[in-house]
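The sequence and structure come first.

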Amino acid sequence: EQSSRSVTMASSMDEVKAKLGTLISEKRRTATPDNGKNWEEAFLATFEHLERLGIGNDQISEKLNVIHVAGTKGKGSTSAFSESILRHAGYKTGLFTSPHLVNINERIRLNGKPISDEVFAKYFCEVWTRLEVSRGQGHTVARTTFSIL
């Protein structure tokens, strides 16, 4: 299994970069998602992907509280301020921002700290492998960087 292989951090990130290079990362400003589905279908596809990863809706609704920041300006600042306030109030936090400036893993922070190359590569490869295996079982996989991250 790919996610349990013992590899060096450098080769893991090289592997991640190669896989990311096969995904669609082009931004399009359209009324529908890149895969041509309407927003409701795309939303439901997210739950299908999570289910294929072994994450049920009950786990999400019972264990995960989400603040989704949307709009055209100030999302990064608003997200960073919100994360900092919650973390300093004693909550465990996770922050996902987009796009990244230098390294892909700078998009993800846990409790205020960016995840390491090693941790990012481990979980990226685990998600990639699970989705590829389920694709072989007749499921489709959205081939965008955002959907995999």
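## Thr93 and its surroundings

The side chains of Thr93 and Glu83 make a polar contact at 2.6 Å. The model is predicted, and the values given here are computed from it.

Thr93 sits in the loop that runs between helix 4 (75–88) and strand 1 (94–96). Its relative accessibility is 12%, under the 20% limit, so Thr93 counts as buried. Apart from neighbours within four places in sequence, Thr93 is in contact with Glu83, Leu86 and Arg87, and also with Arg109, Leu110, Asn111 and Gly112.

## The sheet and its loops

The protein has an open sheet of 3 strands, ordered 1-2-3, with antiparallel pairing. Strand 1 and strand 3 (113–114) are the edge strands, and each of them pairs on one side only. Between strand 1 and strand 2 (residues 108–110), the antiparallel pairing extends over 3 bridges. Within this pairing, Gly94 stands opposite Leu110 in strand 2. Leu110 is also one of the residues in contact with Thr93.

Two loop residues deserve a note on backbone geometry. Pro99 is placed in the loop between strand 1 and strand 2, and the peptide bond that joins Ser98 and Pro99 is cis, with omega about 0 degrees. Asn111 belongs to the loop between strand 2 and strand 3. Asn111 is not a glycine, yet its phi is positive, at about 50 degrees. With 35% relative accessibility, Asn111 counts as partly exposed. Asn111 is also among the contacts of Thr93.

| Residue | Relative accessibility | Class |
|---|---|---|
| Thr93 | 12% | buried |
| Asn111 | 35% | partly exposed |
| Phe120 | 4% | buried |
| Phe124 | 4% | buried |

## The nonpolar core and the aromatic residues

Which residues have the most contacts inside the largest nonpolar core? They are Val16, Leu20, Phe120, Phe124 and Ile148, in a core of 15 residues. Helix 1 (9–20) and helix 5 (117–135) are the elements that give two or more residues to this core. The largest share comes from helix 5, with 6 residues.

Phe120 and Phe124 are both in helix 5, 4 residues apart, which is about one turn of the helix. Phe120 is buried at 4% relative accessibility, and Phe124 is buried with a relative accessible area of 4%. The structure holds 2 aromatic pairs. In the pair of Phe120 and Phe124, the ring centres are 5.9 Å apart and the planes are at 20 degrees; because that angle is under 30 degrees, the pair counts as stacked. Phe120 and Phe124 form one aromatic cluster together with Trp128.

## The fold as a whole

The protein contains 6 helices and 3 strands. Along the sequence they follow the pattern α-α-α-α-β-β-β-α-α. The protein has 149 residues, of which 26% count as buried. Among contacts between residues at least 6 apart in sequence, 51% join residues at least 24 apart. The contact set of Thr93 includes Glu83 as well as Arg109 and Gly112.

How values were computed: Residues are numbered from 1 along each chain as its sequence is written. This is a predicted model: local features need pLDDT of at least 70, side-chain atom pairs count only at pLDDT 80 or more; totals for chains, interfaces and linings use all residues. Side-chain values use heavy atoms; hydrogens and water are left out. Buried means under 20% relative accessible area, exposed over 50%, partly exposed in between (1.4 Å probe, protein chains only). A polar contact is a pair of N or O atoms within 3.5 Å; within protein, one must be able to donate a hydrogen and the other to accept it, and residues adjacent in sequence count only if both atoms are side-chain atoms. Contact means heavy atoms within 4.5 Å. A nonpolar core is a set of buried Ala, Val, Leu, Ile, Met, Phe, Trp, Tyr and Cys residues joined through side-chain atoms within 4.5 Å. Two strands pair if DSSP finds at least two bridges between them. Rings of Phe, Tyr and Trp (its six-membered ring) pair if their centres lie within 6.5 Å; planes under 30 degrees apart count as stacked, over 60 as edge-to-face and the rest as tilted.
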